[in-house]
Amino acid sequence: MKRYLYSYQTIVRFYVQVDRHFLKLRCQPSASEYQTIVDESVVLHPVGFHISIGTDGFGNRIITGSSLIPHDSLAYISSGIVEQTDYAIPDPSPQPYYRCHSALTEPSDELRLMAKEHKQAADLCHAVYEAMHYEPGSTDVRTTAAEAFAQRKGVCQDFAHILLSLLRLNGYAARYVNGLIVGEGATHAWVEVHDGENWIAFDPTHNCQVTHGYIKLAHGRDANDCPVCRGSMSGSNISQQTEIKVIVNEI
Amino acid sequence: MADVSINALVDSRNSVNKWMERFGVRFGVYKKGVFREQLFPFDSVPRIISKKDWDYLEKGLRQRVQALNMFLWDIYHDKKIIADGVVPTEFVYASKGYMPECEGIDPTLKVYAHIAGIDLVEGKNGQWYVLEDNLRIPSGASYPMIARTVTRKVTPEAFADNAVADNRDYADMLRQMMEDVNEDRGIAVILTPGRYNSAFFEHSYLAEKTGATLAYPGDLIVEDNIVYYEGLYHEKQRVGSIYRRVSDEYMDPLTFEPESLLGIPGVMEAYKAGNVALINAIGNGVADDKGIYYFVPKMVKYYLNEEPILQNAPTYLPYYKEDYDYILANIEKLVIKDVAEAGGYGVVFGNELTPEKLEELKALIISEPRRWIAQEVIDFKDLEVLDSEGNGSMRKADLRAFVVSGKETRVWASGLTRYASNPNSFVVNSSQGGGFKDTWVMNK
């Protein structure tokens, strides 16, 4: 049993005032057999936001907010303490759609070829790590597994999408996970694969099976399903600057 | 039909079209990135459906739509039909219309397809076949509505002489259904993407006829999981039901396409909380996929324990070995349809292809069997269509029947009869040219 203190902070500054702002946050840790929430809080600025809490179709905790009051910044901090055991989340019947390709994991011919070389999740994870070069800025949020693999470079999101594509080609139920880890300045992405009884986790960016120390926030078929924050705003000439800080420490 | 009235109808063809032009009966088309509006040519001689045929169709349509609504509920809840092996897993989950975001959502009254547009054709042998179920945003009801209104004005004698079922109740049916699922939560609105949508005429016309408020993107806002209509002076009215003419992926930028400006940010949460009805429900595409079509008669048996009244066109799925072999051996006499396409696109007739193109198509089917279905070419009963000089020619035609489900499922005694743009074409979709006729359902 290990305990971690975490904090996820985002500040968005708008150069011109935003008139209306709607947002959906998945910034709180998920609760499962792997991870228990000991204490938590979420603070949101501006204070006038109308807030509702709920869960999305994938079972993630969400906060939706709306503000009709003009503002020039948005800020929130999600922080707390979680307790973790070994990474295994029991699920007797995983949703069948985790076996199907989704928009960002649609395979290319070369991914199909690669999927034939290995069968085990750990081997596939290793193969992605070996084939790919980590290069910030080489891809964006819309880059697909096939595109990132074609150029052999990307960031953690792309590594995760490629591994998902390979796992699904081998018949596994597999899902994308968004979360926080020690020593990373932003959110991190990894993969959960169903081993017949449990969801276990692999991190292709660091070439390892995940045991603990990864604060899980949300999961989905791919990154599109579970972003930490998605907003929709209206105003004229919206441009923005975003600053994110993540702290995770074992206590 | 009495001779006098048929002559009157024939003579009325130009004046009726002029009237409709004045009413603004048109639809928009995008061609090569340019938007333009087209008139939808109207042929003044109606298609006639006998009372006997209609009784059969009405019963069959009601049964079919009930089964489809039960299927949608099942897919987003218990998935019994998959567990029982009636529909294969991949046909559901690999379908682009399946939305996992809708898992567990309970639409009011368990209705998903509030408005279903079922496309039928009549064979030369008098047998009707369902060609397609449209359960997302079936359009076209406004055309026969307005055509009837105009023809009644121009040739009242045609309606005095013939026992034609009155079809002026469509707006009432819609309104009743909108109230059924509203459950007194607020006002009813019709959400249009706006002026440049191909069916904008229909959106505004239906709003006028039903008395629902026509809302544009930006008029609807969500606060604390409740949807409000914001008026000109920022006064807010709670909304209970939204007949939305915006497709699923643009409905909520916080859930689906993030760049969408047509939707309502946060509406999915309001919908999930049971605070608003969406007409039609989100995620219906999983049931009107061309691949799922094959299974609809099986759904009728499975959910209702009844024999299906309506027939599908004879269809083959390359997914099944036996069908796969049949398709590859008989491809030159079949119609091949791309499951992912709609609106008359992605439809290929084997007999129109050169031997090289046939081989290419075979290769596509072999590499992606789930993407295609094949059907026998149906020998349609052609309808006569008159040009502006009154010269007739025979055309392929279909019938889109509208089925409205609220507390009960009702079939509109009318429909949209569309005909092909030229005598050699089999494609009757309005975005591919062609025109329409009024559809007379006879009372006796």
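1. A:V193 stands opposite A:I200 in strand 12 of chain A. The two strands concerned, strand 11 and strand 12 (residues 198–203) of chain A, pair in the antiparallel sense over four bridges; two strands count as paired if DSSP finds at least two bridges between them. Strands (E, at least two residues) and helices (H or I, at least four residues) are DSSP runs, numbered from the N terminus. Three residues lie between strand 11 and strand 12 of chain A in their hairpin, where A:G196 has a positive phi near 110°.

2. The model is predicted: local features need pLDDT of at least 70 and side-chain atom pairs count only at pLDDT 80 or more, whereas totals for chains, interfaces and linings use all residues. Residues are numbered from 1 along each chain as its sequence is written, and chains are lettered from A and ligands numbered from 1 in the order in which they are written.

3. Strand 10 (residues 174–181) of chain A also pairs with strand 11 of chain A, running antiparallel to it through six bridges. Within this pairing, A:A174 is set opposite A:V193. Six residues separate strand 10 and strand 11 of chain A in a hairpin, and A:G183 in the turn shows a positive phi of about 80°.

4. Strand 3 and strand 6 (residues 71–84) of chain A are joined by 10 bridges, and A:D39 stands opposite A:I81 in strand 6. Strand 1 (residues 2–18) of chain A pairs with strand 6 over 13 bridges; A:R3 has A:E83 as its bridge partner there. Strand 1 and strand 16 of chain A share 11 bridges, with A:V12 opposite A:T242.

5. In chain B, helix 8 (residues 170–182) and helix 9 (residues 200–210) pack at an angle of about 80°, their axes 9 Å apart. Axes are lines fitted to C-alpha atoms, for helices over the stretch in contact, and angles run from 0 to 180 degrees between N-to-C directions. Helix 8 and helix 9 of chain B are therefore roughly perpendicular, the term for 65 to 115 degrees. B:A171, B:L174, B:R175 and B:M178 of helix 8 meet B:L206, B:K209 and B:T210 of helix 9; residues are in contact if their C-beta atoms, placed from the backbone, lie within 7 Å.

6. The contact between the chains takes 18 residues from chain A and 20 residues from chain B. On the side of chain A that touches chain B, strand 2 (20–25), strand 4 (50–55), strand 5 (61–67) and strand 15 (229–234) each supply at least two residues.

Notes. Parallel < 35°, antiparallel > 145°, perpendicular 65-115°, else oblique. Contact = placed C-beta atoms within 7 Å.
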